[in-house]
Amino acid sequence: METIPFHGKYLQSGGFGMAVFSVTSTTKVRISPFVATLVANPTLMSGLFAWIAAQSMKVFLNFCVERKWDLRILFASGGMPSSHSALCTALTTSVAICHGVADSLFPVCLGFTLIVMYDAIGVRRHAGMQAEVIVFIVCR
């Protein structure tokens, strides 16, 4: 595989996707071309890896506080760090790197990311306010 200078196409034509395509051509187990194409997409993979990293951090941080491993947290929503925000930020960053900030896709991703983060902050704030009210009612 030749090295292509970075003009936004290096990420799209090399790396992990090429490895998946070469593995599927040499093994007996065949991966669907649809799945192989998805795995070759750097934007999708960056979002997926960011989500996995954020969820994994939740398990580790919970271990630091509770002193026990709880792998159910990997598939639970809520808490910090926000896996939704991590996924959206990684998608937006990947679009900026692969397509450039002048592309019309970037403001769409940026708007989506800002809406998700704003909503996540609001949900956490209201959940905290509700918890205070519940504690006040129970302690009365």
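Reader: Why is Cys109 called buried?

Author: This is a predicted model, and in it Cys109 has a relative accessibility of 16%. Buried means under 20%, so Cys109 counts as buried. Cys109 sits in helix H6.

Reader: And what makes Cys98 buried or exposed?

Author: Buried, by that rule: the relative accessibility of Cys98 is 8%, and the cut-off is under 20%. For the chain as a whole, buried residues make up 24% of the 140 residues.

Reader: How do you know how many disulfides there are?

Author: A search of the whole structure turns up zero. Take Cys109: its nearest cysteine sulfur belongs to Cys88 and is 9.0 Å away. A disulfide needs the two sulfur atoms within 2.5 Å, so Cys109 is in no disulfide.

Reader: Which residue is 7.3 Å from Cys109, C-alpha to C-alpha?

Author: That's Leu91, which is 18 residues apart from Cys109 in sequence.

Reader: What makes Phe63 and Trp69 an aromatic pair, and what kind of pair is it?

Author: Their ring centres are 4.2 Å apart, and the limit for pairing is within 6.5 Å. The planes make an angle of 10°; under 30 degrees counts as stacked, so this pair is stacked. The count of aromatic pairs comes to one.

Reader: Why do Phe63 and Trp69 get their accessibility labels?

Author: Trp69 reaches 53% relative accessibility, and exposed means over 50%, so Trp69 counts as exposed. Phe63 has a relative accessible area of 22%. That value falls between the 20% and 50% cut-offs, so Phe63 is partly exposed.

Reader: What makes Arg67 stand out in its phi?

Author: Arg67 has a positive phi of about 60° although it isn't a glycine. Most residues other than glycine have a negative phi. Arg67 is found in the loop between helix H4 (42–66) and helix H5 (83–99).

Reader: How do you know what the fold pattern is along the sequence?

Author: The secondary structure comes to six helices and zero strands, so reading along the chain gives α-α-α-α-α-α.

Reader: Where does the record put the transmembrane region, and what does the model show there?

Author: The UniProt annotation, from an unreviewed entry, covers residues 31–52 and 104–121. In the model, residues 31–52 are 82% helix and 0% strand, with the end C-alpha atoms 22 Å apart. Residues 104–121 are 94% helix and 0% strand, and there the end C-alpha atoms are 27 Å apart.

Reader: Which residues line the largest pocket, and what is its volume?

Author: The space in the largest pocket is about 160 Å³. Its lining is Ser77, Gly78, Gly79, Ser82, His84, Val116, Asp119, Ala120, Val123 and Arg124. Helix H6 (residues 105–139) gives the largest share of that lining, five residues.

Technical notes: Residues are numbered from 1 along each chain as its sequence is written. This is a predicted model: local features need pLDDT of at least 70, side-chain atom pairs count only at pLDDT 80 or more; totals for chains, interfaces and linings use all residues. Side-chain values use heavy atoms; hydrogens and water are left out. UniProt positions are given in the numbering used here, feature names are shortened, and annotations may be inferred rather than shown by experiment. Helices (H or I, at least four residues) and strands (E, at least two) are DSSP runs, numbered from the N terminus. Rings of Phe, Tyr and Trp (its six-membered ring) pair if their centres lie within 6.5 Å; planes under 30 degrees apart count as stacked, over 60 as edge-to-face and the rest as tilted. Buried means under 20% relative accessible area, exposed over 50%, partly exposed in between (1.4 Å probe, protein chains only). On a 1 Å grid over the protein atoms alone, a cavity is a set of points where a 1.4 Å probe fits but cannot get out, and a pocket is an open set with protein on both sides within 12 Å along at least five of seven lines; lining residues have an atom within 4 Å of a point. Grid points are joined across faces, edges and corners, and a volume is the space filled by probe spheres set on the points.
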